[in-house]
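I opened my notebook to take a friendly first walk through this structure. Here is what I looked up, entry by entry.

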Amino acid sequence: MMETFYIILITILKTALYFGVLMLHVAYATYAERKVIGHIQLRLGPMVVGPHGLLQPIADVIKLIFKEDIIPSNVDKKIFTIAPLISLTAALSTFAVIPVTDKWFIADINVGILYVLGILGVGTYGIIFAGWSSNSKYAFLGGLRSAAQMISYEVALAMSIVGVIIMAESFNLTEIVNRQAQYPLGMFLFPQIIGYFVFIVAMLAETNRVPFDLPEAETELVAGYFVEYSGIRFSLFYLAEYLAMFCMSALATICFWGGWTIPPFLLKIFPFLSIVPGVVWFLLKVYFHMFLFFWFRGTLPRYRYDQLMAIGWKVLIPLALFNIILTSLIKYYS
Amino acid sequence: MKTDTTRELLINMGPQHPATHGVLRLVLEVEGEIIKKCTPYIGYLHRGVEKLAEDLTYVQALPLTDRLDYLSSIINNVGFCLAVEKLMGINVPERAKFIRTMMSEMARICSHLVWIATHALDIGAMTVFLYAMRDREKLLEMFEMVTGARLTVSYPRIGGVRCDINDKFLEELDKFIEEFPSKVEEYETLIDRNRVWLKRTIGVGVITAEEAINWGLTGPTLRGSGVYYDVRKFFPYDAYDKVDFEVPIGKNGDVYDRYKCRMLEFRQSAKIIKQCIEKLPTGPILAEESPRIRMPSSPLKINKEDIQFEIYNDDKNAEDFIKKFTEVYASVEAPRGELGFYIVCDDSAKPYRMRVRAPSFVHAGVLPKLCEGSLIADVIANIGSIDIVLGECDR
């Protein structure tokens, strides 16, 4: 009895710590994005609040929290208020199974990957609800676009990971990382390069980022599904988007980049690197993927709706299927 | 009994939509994402410039023309001045002609820079926006150097230009023109070699040459369809017959060809400016018989007489000038197309009627033709590619 209570307490504490650290990362990811894009665009990015604008995310949070909560007339109030919560909860829940090092995770479940994919799918409901309940045609179109986009790209996303699952012979995220040690560079990146490519493209679409940011296409749909949201409710969507980006980056790191392990060839050249804790490697890899998100946003235009669908169904899914077949054949004959 | 019927979703795009370039309002009837009907509504920026001009003398009406197409105000001024000069039979000195040509091409580059910035932003590539604005800033500073104003300069005068340019300005301009083609290449690296950009523009908003002529399109929008027409070549004004330049034309008449035309025009404009700097003659900058506005010589020593401008010439009567023509039409090649000024003169110092042939107005009319049957995202690409300025459209 006492033991169960003890486990629950530890889990709650762990979750709280994880949550706090994660939120800090999200806050500074917004800062990083503004800085990266700023420098791509020959600007400085935030510079005013704190040294080099370091306190800007905190100022933003304060501003968003204290803004008036506006609910437009004739909206479906219940769904309108619940939609951002669904998005945020779904995005947050994925982190329950994502291991930061081999010892640091909240839950180590056997079907970790399936859980993450499933929960991410739930996040789509938030967007569809927001678009539907807002009583705005722009939001409505944004919601519809997002529904179609997320459903078609989820297929590609899931299939791109199947190759990894076949190679690792496990759905468990920790197990997947451990299995990568015996491969060149200590990662599935090169045996699964097709899968990785599909994953990166689907990841952009799944998180509604450029060049697939159609649900929130600024210049067409003004802001898309959250056009009627402001203040704290808007910031919940914003949070959910960044959390999803982190989740996708973490997933890419775990499935293709060897998670928290050090690439063996690096260790051979610089043996002293073994004292660097795994969490640092993990974060480096995650932030590399986050940088990809920012980089794409700084350089790429936006696809059109029909082109997006064509890429999803005609390019990514066949590629992913081909990858699955190829991986299975190699696995079977070796 | 109530029967359920389905109908198209009506979307009101504008007048405060971020991508309708000002206050254009489009009412779209969409079925899913496909546009069934597109109706443009204009007039949200109507200031009655044409009517206001009837109550002002020719010299006074000049600053009004700045506010038509505020992105290339000098070209509007030149257009108006050309019309009045034609009316009064004023011969512009050579130096003034070259300065006007040079400044017009600077304004064209300025305007095209705003176009590429917003067009790329509309399609989603936001980095080009800041690159283009960076270069536009340099041009605006050069305008400020000569005219004291950055956007609405009112620099040309009837019969010439207001003030002379100096060597420092020419030096800076030369430096800018030297490096400008490489800047254009920089924009092209960002978008022109980008598959997403090509997919979004090629084959979108196609208009054939015949249709384009029938719709009355002019400028790069017409040339994108492969029609060779440019006021600068066909009805040369100022110093355009003394400089050597090409008129780039497209082939398919889609968004990409219109984009390509303008990108090539950047280089031609740079070429024209370069020649103007080389060939710039010396001499007066204002025709002798020109009605002049006496401006305060320095802001510190303003006295009342200086502020109240007066039209003066030999016999102190502006009306004497106006006897050769009763009505006149003069047009210039604005960045958007043929900008025409039609003036009817009733032998007084004020125009009896002034009418502006605004390319944006004509181009706004072709939007339904371009958009119907395509997707919502294409509307944005089309608006960007015909490059309308609502200040000119609504007047």
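Predicted model: local features only at pLDDT ≥ 70, side-chain atom pairs only at ≥ 80, totals over all residues.

**Entry 1**

**Entry 1: another sheet in chain B**

I then turned to β1, β2 and β3 of chain B, which form an open sheet of three strands in the order β1-β2-β3, again with antiparallel pairing. Here β1 (9-13) and β3 (34-41) of chain B are the edge strands, pairing on one side only. Neighbouring strands in this sheet are turned by 20° against each other on average, direction ignored.

What packs on this sheet? I found helix α13 of chain B, residues 359-371, touching β2 and β3 of chain B. The direction of α13 makes about 175° with that of β3(B).

I went along the pairing of β2(B), residues 25-31, with β3(B), and wrote down seven bridges in the antiparallel sense. Glu31(B) has Ile34(B) in β3(B) as its bridge partner, and Val30(B) stands opposite Ile35(B) in β3(B). The hairpin of β2(B) and β3(B) has two residues between the strands, and Gly32(B) there takes a positive phi near 70°.

A reminder to myself while looking at strands: in a regular strand the side chains alternate between the two faces of the sheet.

I looked at helix α3 (residues 73-88) of chain B beside α4(B), and the axes come within 7 Å and cross at roughly 140°.

Which residues meet here? From α3(B) I listed Ser73(B), Ile74(B), Ile75(B) and Val78(B). From α4(B) come Arg100(B), Met103(B), Ser104(B), Ala107(B) and Arg108(B). By class, this contact has five nonpolar, two polar and two charged residues.

**Entry 2: where the chains touch**

I moved on to the contact between the chains, where 26 residues of chain B are in contact with 21 residues of chain A. On the chain B side, the elements that give two or more residues are β1, α4 (94-123), α5 (127-147), α6 (167-191), α7 (195-201) and α14 (376-386). I sorted this side of chain B by class and got 17 nonpolar, four polar and five charged residues.

**Entry 3: the domains of chain A**

Chain A is divided into domain 1 (1-66) and domain 2 (75-333). Their centres, taken over C-alpha atoms, are separated by 19 Å. In the contact, 17 residues of domain 1 of chain A face 14 residues of domain 2 of chain A.

Which elements give two or more residues to the domain 1 side? They are α1 (2-40) and α2 (56-66) of chain A. The largest share, 14 residues, comes from α1(A). By class, I counted ten nonpolar, five polar and two charged residues on this side of domain 1.

**Entry 4: the helix α1(A)**

Last, I checked the length of α1(A). At 1.5 Å a residue, its 39 residues should span 57 Å, and the end C-alpha atoms are 56 Å apart, so the two agree. After α1(A) comes Leu42(A), whose phi is positive, near 65°.

Note on methods
Residues numbered from 1 in each chain as written. Chains lettered and ligands numbered in written order. Pairing = 2+ DSSP bridges. Helix = DSSP H or I, 4+ residues; strand = E, 2+ residues; numbered from the N terminus. Axes fitted to C-alpha atoms, helices over the stretch in contact; angles between N-to-C directions. Contact = placed C-beta atoms within 7 Å. Domains from an automatic or database assignment. Nonpolar A, V, L, I, M, F, W, Y, C, P; charged D, E, K, R; others polar. Expected span 1.5 Å × (residues − 1).
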